[in-house]
Amino acid sequence: MQQVNQQADTAADELRISIDAKAVVKVGLFARGGKSRVPDTAGSDHNFKPDAKLTPFGILLPEHDDVFMYLTESSVTSDFIVDVLSHWWESVRRHFPHTETLVINLDNGPECQSRRTQFMNRMLGFAARYQLRVRLAYYPPYHSKYNPVERCWGILENHWNGSILDTIQAVLNYAGSMTWKGKRPIVTMVEEVYETGKRLTQKAMEKIESQLERLPELGRWFVDILQI
């Protein structure tokens, strides 16, 4: 992993990003284990059904200290992840005109693991659409804390610790006002609802595998998606 990341950070035609979803945030008058910084606002002293549940999904550019945060009430599926990557790349690609390889640090979660048929299918389409070579560099089990974007979640938790996140707008406001190394994240609310459980047939996946390069003996953890 260190070798892959170092190469990406020093190569003029490579760009490295780190992606991951944070734990679900419950929206409501929850005390959140702290003391509210908002005057005359108190949290509930018992559990109740939240008004909404939001999942933050982050994209961090470690060498540039840029953070992009997407929040959704929907499930974080393979389609959600690749749609977010497409939205992000459309917004920043003009700043990285020489990028030919996109290196993605990520965890081997259920919706983005390298054997997840729908994820690999969508990522193949992403690579073809933008004419990029995509290198998936996975952190193994119990090592997700080393994924750089994880540190952003710690900053976010400290930022809103003790605050009453009683509306979706409050969550968006706090997310947008945190700072990561002096910069504020770009925060986007994703309204689309995503269907879970999408899978490809074994035959379809075999065709996709023919366009992948897996590192020998570590093929689950390091995968190159080639341009079509």
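Trainee: Which residues line the largest cavity?
Mentor: General idea: rolling a probe the size of a water molecule over the atoms shows where empty space is left. Here a cavity is a set of points, on a 1 Å grid over the protein atoms alone, where a 1.4 Å probe fits but cannot get out; lining residues have an atom within 4 Å of a point. In this structure the lining is Thr77, Ser78, Asp79, Glu111, Arg116, Gln118, Glu195, Thr196, Gly197 and Lys198. Before we go on, this is a predicted model: local features need pLDDT of at least 70, side-chain atom pairs count only at pLDDT 80 or more, and totals for chains, interfaces and linings use all residues. Residues are numbered from 1 along each chain as its sequence is written, and side-chain values use heavy atoms, with hydrogens and water left out.

Trainee: How many nonpolar, polar and charged residues are in that lining?
Mentor: Ala, Val, Leu, Ile, Met, Phe, Trp, Tyr, Cys and Pro count as nonpolar; Asp, Glu, Lys and Arg as charged; the others, Gly among them, as polar. The lining of the largest cavity has no nonpolar residues, five polar and five charged.

Trainee: How many cavities of 30 Å³ or more does a search of the whole structure find?
Mentor: One. Grid points are joined across faces, edges and corners, and a volume is the space filled by probe spheres set on the points. The largest cavity holds about 40 Å³.

Trainee: On to packing. Which residues have the most contacts inside the largest nonpolar core?
Mentor: Start with burial: buried means under 20% relative accessible area, exposed over 50%, partly exposed in between, with a 1.4 Å probe and protein chains only. A nonpolar core is a set of buried Ala, Val, Leu, Ile, Met, Phe, Trp, Tyr and Cys residues joined through side-chain atoms within 4.5 Å. The largest one has 46 residues, and Ile59, Trp88, Ile104, Phe119, Met123, Phe126 and Leu136 have the most contacts inside it. Its largest share, eight residues, comes from helix H2 (residues 78-92). A second, separate core has 21 residues, including Leu71, Val149, Cys152 and Trp180.

Trainee: What is Ile104 in contact with, neighbours within four places aside?
Mentor: Contact means heavy atoms within 4.5 Å. Ile104 meets Ile17, Ile19, Leu85, Met123, Val134, Arg135, Leu136 and Ala137.

Trainee: Which residues of helix H4 are buried?
Mentor: Helices (H or I, at least four residues) and strands (E, at least two) are DSSP runs, numbered from the N terminus. In H4 (residues 150-160), the buried residues are Cys152, Trp153, Leu156 and Trp160. Seen down the axis of H4, they fall within an arc of 100°, so they line one face of the helix. That arc is taken from the directions from the helix axis to the C-beta atoms. Their cover includes strands S1 (14-21), S2 (25-27), S3 (52-61) and S4 (66-72), plus helix H5 (168-177). Just after H4, Gly162 takes a positive phi of about 85°.

Trainee: Where is Leu54, and what does it touch?
Mentor: Leu54 is in strand S3. Its relative accessibility is 0%, so Leu54 is buried. Beyond residues up to four places away in sequence, Leu54 touches Ala23, Val24, Val25, Val27, Leu71, Thr72, Glu73, Ile168, Val171 and Met189. Lys22 is 32 residues from Leu54 along the chain, with 9.5 Å between their C-alpha atoms.

Trainee: Is Asn147 buried or exposed?
Mentor: Buried, with a relative accessible area of 0%. Asn147 lies in the loop between strand S6 (133-139) and H4. Leaving aside neighbours within four places, Asn147 is in contact with Ser18, Ile19, Asp20, Asn105, Leu106, Asp107 and Tyr139. His143 is found in the loop between S6 and H4 too. At 35%, His143 is partly exposed.

Trainee: Which residues does Tyr130 touch, not counting those up to four places away?
Mentor: Ser86, Trp89, Glu90 and Arg93. Tyr130 is in helix H3 (residues 117-130). At 7% relative accessible area, Tyr130 is buried.

Trainee: Last topic, backbone angles. What phi does Asp65 have?
Mentor: A positive one, about 60°, although Asp65 is not a glycine. Asp65 sits in the loop between S3 and S4 and is partly exposed at 22%. Glu217 is not a glycine either, and has a positive phi of about 70°. The loop between strand S8 (212-214) and strand S9 (222-225) holds Glu217. At 85%, Glu217 is exposed.

Definitions and conventions: 1 Å grid on protein atoms, 1.4 Å probe; cavity = no way out; pocket = protein on both sides within 12 Å on 5 of 7 lines; lining within 4 Å.
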